[in-house]
Structure formats: structure tokens, C-alpha cells
Amino acid sequence: MACAKAKLFIWTEPRTRSTAIMRCLSNRQDVEAFFEPYVYVAISGIPEDRLNNYFIDNRVVEENLSLSKKSIYDAIEESHKQNHVVVKDFAFTLNKDYSLVPKDATHVILIRHPGATGPSFQKMVDDQFGKAMAKLEEDQASGKLMNGNEALLDLYRYLKNNKDQVLVIDSNDLTKRPEKVIEFICRFSGLPYDSSMLVWNPLPPDTYPQNWVMSKSLLQLLEHCSALLDLSNSTGFFAKSDPLEFDMSSLPSKRLEAYEKTLDSYMKLFEKKFFFE
């Protein structure tokens with residue numbers, strides 16, 4: 001009898017080390033990984049019925065394929081017929097439309113203290129995008145992207161009420177004990193675990209793993225982004241944990257307001273997280 005295929009969704013917000021965890025969990029030949037399939041739809045402002053040639057897909061995709069969130073969902077379901085599937089995306093992209101959340105999947109809510117994610121996002125925008133990303137930076141400051149923990153908390157409550165399998169992980173635990181955390185996630189989701197998943201080969205610049213499905217537009221947006229550069233250069237998890245206290249004085253006033261708003265939701269999720277010994 002064939003082994004059931006895992007269908008794992010990693011829901012998070014920007015700058016939580018989620019790209020590294022996806023790189024690790026997809027470090028198998030029998031996994032197909034979807035990198036933020038909904039996120040570009042959410043921030044681009046492009047009508048969903050006009051997203052032409054959305055996927056860079058290692059399977060065959062027609063040149064002028066138009067995809068909506070629903071058809072992205074269908075692509076994930078189709079892949080799951082043949083592969084273990086790992087999907088990483090931001091909860092705020094759902095805009096509380098939970099019809100896009102599969103009923104038979106397992107879910108990881110990946111959190112990180114906003115004292116770390118806020119400055120990290122600020123630095124990424126300033127270093128990599130500059131004035132060209134001023135609008136996105138302003139959206140982040142006003143809370144359209146910085147509401148990540150509120151969206152995660154709302155999704156967590158939905159999943160619990162729906163009796164779905166959901167696990168809250170703090171990304172700081174990944175840096176302290178990556179093998180224990182990854183093995184636990186694999187056991188939780190049904191994804192076969194092997195310690196070799198924790199180490200991978202570096203990639204050529206501005207590329208991504210061959211078993212990833214990714215938006216062409218998003219890849220172009222991230223072409224010089226530190227997250228993708230870190231992915232290319234990395235060979236495993238960085239053993240660097242966040243500090244116990246955060247100095248938020250460097251944040252602009254709007255970003256500081258967003259930080260204070262999202263901290264409460266983060267703390268509520270932190271209380272629900274799995275505590276590793």
C-alpha cells in the first residue's frame with residue numbers, strides 16, 4: 001500500500017526564517033514546494049484574472065496561463081496526487097478567505113518576535129530596494145503587511161475551531177535546536193524525516209531549488225533581495241538566536257505603531273507554541 005503523501009502548509013509573516021525552513025523541508029526528491037503562491041497576488045494589485053504566466057514551474061505550463069488564487073489552490077491539489085507538498089505563504093494574503101485552506105492538510109504557524117521582524121524588514125527594504133519600493137515600505141508601515149501576527153492569530157483560531165491539525169513554532173527554536181524542530185514537524189505532518197535534510201548545497205546566484213514552484217513576477221521582485229541571496233549561499237540553518245530584549249528606537253513612528261499593535265497578537269500565539277526542552 002502506498003504511503004500517504006504529506007500536505008504541509010507553513011503560514012508565517014515576512015522575516016521569520018521561513019525560507020530556510022522551506023529549503024530544509026523540501027530537501028528531498030519526493031517533495032514539491034510552493035514558494036509564496038498567494039503573496040504576489042495580494043500585494044501586486046493586479047486583478048487575479050490577469051495574472052498571465054504566473055508560475056515558473058518545472059512541470060509544463062502553458063505560456064499564457066492565467067491563474068487566480070483558486071487555480072493556484074487547484075495546482076497544489078494536483079501536485080499532491082504525486083508528491084509530498086510543502087507550501088509556504090503569509091497568512092495575511094488569504095484576507096480571511098479560508099476557502100483556500102485545504103481540509104486535509106497539516107499547518108505550521110511560524111512566528112518570530114516583532115522586535116526582530118520589524119527592523120529586519122526595514123533593513124531588507126532599505127538595503128535591497130531603496131526608493132523603488134517606497135510604496136511597499138509605506139504599506140508595511142501602515143500595517144497592510146505588518147499585520148502579520150494578527151492574521152496568523154486569526155488563522156490559528158480558524159484552524160482550531162475547524163479541528164484542523166495546527167502547530168505553532170517559534171523560529172528562535174529553529175536556531176537553537178534545528179534537528180529536533182524539523183524532526184518534530186516531519187512527524188507532525190507525515191513528511192518522511194532524514195537528518196540529511198538539515199544540510200543542502202549552495203545554489204547559483206538568483207536561482208531557486210529545482211523542485212520549487214515560484215511566481216515569475218515574485219522572483220523578479222526578489223532578484224536582489226537578501227532573502228533569496230541568503231538562500232543561494234546557505235548550506236543549513238544559521239545558529240544565531242534573537243536577543244531577549246529589543247531596542248525599537250530606530251523604527252519610524254508609523255512602524256513603531258504597527259509594532260505595538262502586532263506584539264499583542266504575537267504574545268497570544270507564543271502562549272500556544274510548542275515548547276521544546
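The expected span of a helix is 1.5 Å times one less than its number of residues. Helices (H or I, at least four residues) and strands (E, at least two) are DSSP runs, numbered from the N terminus. The model is predicted: local features need pLDDT of at least 70, side-chain atom pairs count only at pLDDT 80 or more, and totals for chains, interfaces and linings use all residues. Residues are numbered from 1 along each chain as its sequence is written, and side-chain values use heavy atoms, with hydrogens and water left out.

**Exercise 1. Check the span of α6, then list its buried residues.**

Step 1. α6 has 14 residues. From first C-alpha to last it reaches 20 Å, close to the 20 Å expected.

Step 2. Apply the cut-off for buried (under 20% relative accessible area, 1.4 Å probe, protein chains only). In α6, Gly148, Asn149, Ala151, Leu152, Leu153, Leu155, Tyr156 and Leu159 are buried.

Step 3. Look just past the helix. There lysine 163 takes a positive phi of about 60 degrees.

**Exercise 2. Describe how α6 packs on α11, and then α1 on α8.**

Step 1. Take the geometry, with axes fitted to C-alpha atoms over the stretch in contact and angles running from 0 to 180 degrees between N-to-C directions. α6 and α11 pack at about 35 degrees, with axes 8 Å apart. For α1 (residues 18-25) and α8 (residues 178-189), the angle is about 65 degrees and the axes are 11 Å apart.

Step 2. List the contacts (heavy atoms within 4.5 Å). Asn149, Glu150, Leu152, Leu153, Tyr156 and Arg157 of α6 meet Lys261, Thr262, Ser265, Tyr266, Lys268 and Leu269 of α11. In the other pair, Ile21, Cys24 and Leu25 of α1 meet Ile182, Ile185 and Cys186 of α8.

Key
Buried < 20%, exposed > 50% of the residue type's maximum accessible area, 1.4 Å probe, protein only.
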